[in-house]
Amino acid sequence: MDFDDTPAEAAFRAGVRAWLEAHAEPKRHARDFVGDGLPPDERLAAARAWQARKAAAGYAAVTWPRELGGLGGTAVQQLIVRQEESRFRSSFGIFEIGLGMCLPTLMAYGSEAHKARRIRPGLYGEEIWCQMFSEPAAGSDVAGVLTRARPNGHHWVINGQKVWTTGAQFSDFGLLLARTDPTVPKHAGLTMFFVDMKSPGIEVRPIRQMDGDSEFNEVFFTDVRVPDDQRLGAVGAGWKVALTTLMHERLSVGAEIGLLNFDALWAVVKAAGRLDEPLAGEHLADAWVAEEGLRLHHCRSLTALSRGGTPGPEQSIAKLVKATLAQRMATFALQLRGEVGQVGDADPTSDAYVVERTWTRAAAMRIAGGTDEILRNIIAERVLGLPEEARLDKGVPFNEVPR
Ligand SMILES: Cc1cc2nc3c(=O)[nH]c(=O)nc-3n(C[C@H](O)[C@H](O)[C@H](O)COP(=O)(O)OP(=O)(O)OC[C@H]3O[C@@H](n4cnc5c(N)ncnc54)[C@H](O)[C@@H]3O)c2cc1C
């Protein structure tokens, strides 16, 4: 394991830090983004402005080739930018799905004409993308999607429903996984498209969350026409394309999600005058040990990346630990604050605000990008080499699977 930057990485980090210090404001707390507190339109405009500034400096997509607006850099450099940026007020994550998943998929499977039109606006925050994989009956088992795409001349006609679609209400384009052939086993009958979210027949319905936000949506498709040249990959090869998208999702796992950390928990316990309590000590010790474990795990991934590897299924460990830890810490901190903890803290610069936001969001983090149980299955099967769970629909035509 190599914990330190190489001299070249240290120089790169110094350059990133100097640029951030000159162009961004330091974060006041873990969940402090540009435009916070402004009405939604202005908040989005502030996020776009930050994205454009970052893109112009080459820091928006470090690993992309220079001709596509990146720096042609390494995955380690990308992580360095992410680590350094996490100490500053940046955008609230609205571009991550586009830059982290959809545009890399377009780069791998899109036509040259589409790449030329879509990549730069995505990079500069002018166009927003969403990922439309999950459906009411297909989440963990995403290969079970029911949304249907039927050919019609040079177009496809889409009918069905997606759910959980983060950012769809702001999106200009979306990746769509649809079923084109239900008579073959589930993975073989899928095709990937990208769609213009303003197409007639698309209805986006935001879902209101318990914290008041609406980050994700239901998306309904009624006879939506998608040109065949917006198909990504061959007809029936959608699963392979989806794996490209999901591999990029795994690469974004280390992203800063602004959850409660040890320092904030310490501050809350101290402010409540409860540092001497055995239970507080136990929670603080657990948090410290888990965070240190995550840091070392992260160092191991960085070492693998710097040797040319890619993060493997063991990345599932980081999300599993991070999300469950955050939920446990937030629950304890909320209880510590007694009745006040339930009322809600109006001051968005306080640690108590981070506690509340973490508590209302942590459950979602345990689901998004793979539920705890699915991550445990991945760890069991692909890290520990334990026997595979039974898959009863293996090899069975999709339309013959009981549901
Ligand atoms: C904040 C957030 C943002 C999201 N954004 C997007 C997005 O932008 N685009 C998108 O396409 N999707 C998105 N999702 C959807 C996400 O990918 C799914 O919610 C997730 O994959 C789980 O699917 P599900 O909700 O259908 O639950 P289900 O798959 O129905 O699971 C229900 C329960 O059964 C358990 N379970 C299921 N299968 C197994 C198994 N084989 N073994 C053991 N237990 C099992 C699960 O762990 C869970 O507890 C988002 C979700 C969240 C929470």
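Buried area is the accessible area, taken with a 1.4 Å probe, that two parts lose on being put together, summed over both. In this predicted model, domain 2 and domain 3 bury about 550 Å² between them. Of that area, 55% lies on carbon and sulfur atoms. The ligand shell draws at least three residues from each of these two domains.

**Domains**
- The domain assignment of the protein chain gives domain 1 (7-92), domain 2 (129-245) and domain 3 (257-383).
- Between the C-alpha centres of domain 2 and domain 3 the distance is 32 Å.

**Interface of domains 2 and 3**
- Contact joins 5 residues of domain 2 to 6 residues of domain 3.
- On the domain 2 side, Ser140, Met210 and Asp211 lose the most area to domain 3.
- Together these three account for 65% of what the domain 2 side buries.
- Ser140 also belongs to the ligand shell, among its closest residues.

**Ligand shell**
- The ligand is surrounded by 18 residues.
- Gln131, Ser140, Thr166, Thr371 and Glu373 are the closest.
- By type, the shell holds 8 nonpolar, 8 polar and 2 charged residues.

- Glu373 places a polar side-chain atom 2.6 Å from a ligand oxygen atom.
- Phe133 uses its backbone: an N or O atom there lies 3.0 Å from an oxygen atom of the ligand.
- Asn377 has a polar side-chain atom 3.2 Å from a nitrogen atom of the ligand.

**Ligand burial and elements**
- Taken alone, the ligand exposes 980 Å². The protein buries 69% of that.
- Strand S3 (155-166) and helix H12 (372-383) are the elements that give two or more residues to the shell.

Methods: Residues are numbered from 1 along each chain as its sequence is written. This is a predicted model: local features need pLDDT of at least 70, side-chain atom pairs count only at pLDDT 80 or more; totals for chains, interfaces and linings use all residues. Side-chain values use heavy atoms; hydrogens and water are left out. A residue is near a molecule or strand if one of its heavy atoms lies within 4 Å of it. A polar contact is a pair of N or O atoms within 3.5 Å; within protein, one must be able to donate a hydrogen and the other to accept it, and residues adjacent in sequence count only if both atoms are side-chain atoms. Accessible areas come from the Shrake-Rupley method with a 1.4 Å probe; for residues, only the protein chains shown count as cover. Helices (H or I, at least four residues) and strands (E, at least two) are DSSP runs, numbered from the N terminus. Ala, Val, Leu, Ile, Met, Phe, Trp, Tyr, Cys and Pro count as nonpolar, Asp, Glu, Lys and Arg as charged, and the others, Gly among them, as polar. Domain bounds come from an automatic or database domain assignment. Contact means heavy atoms within 4.5 Å.
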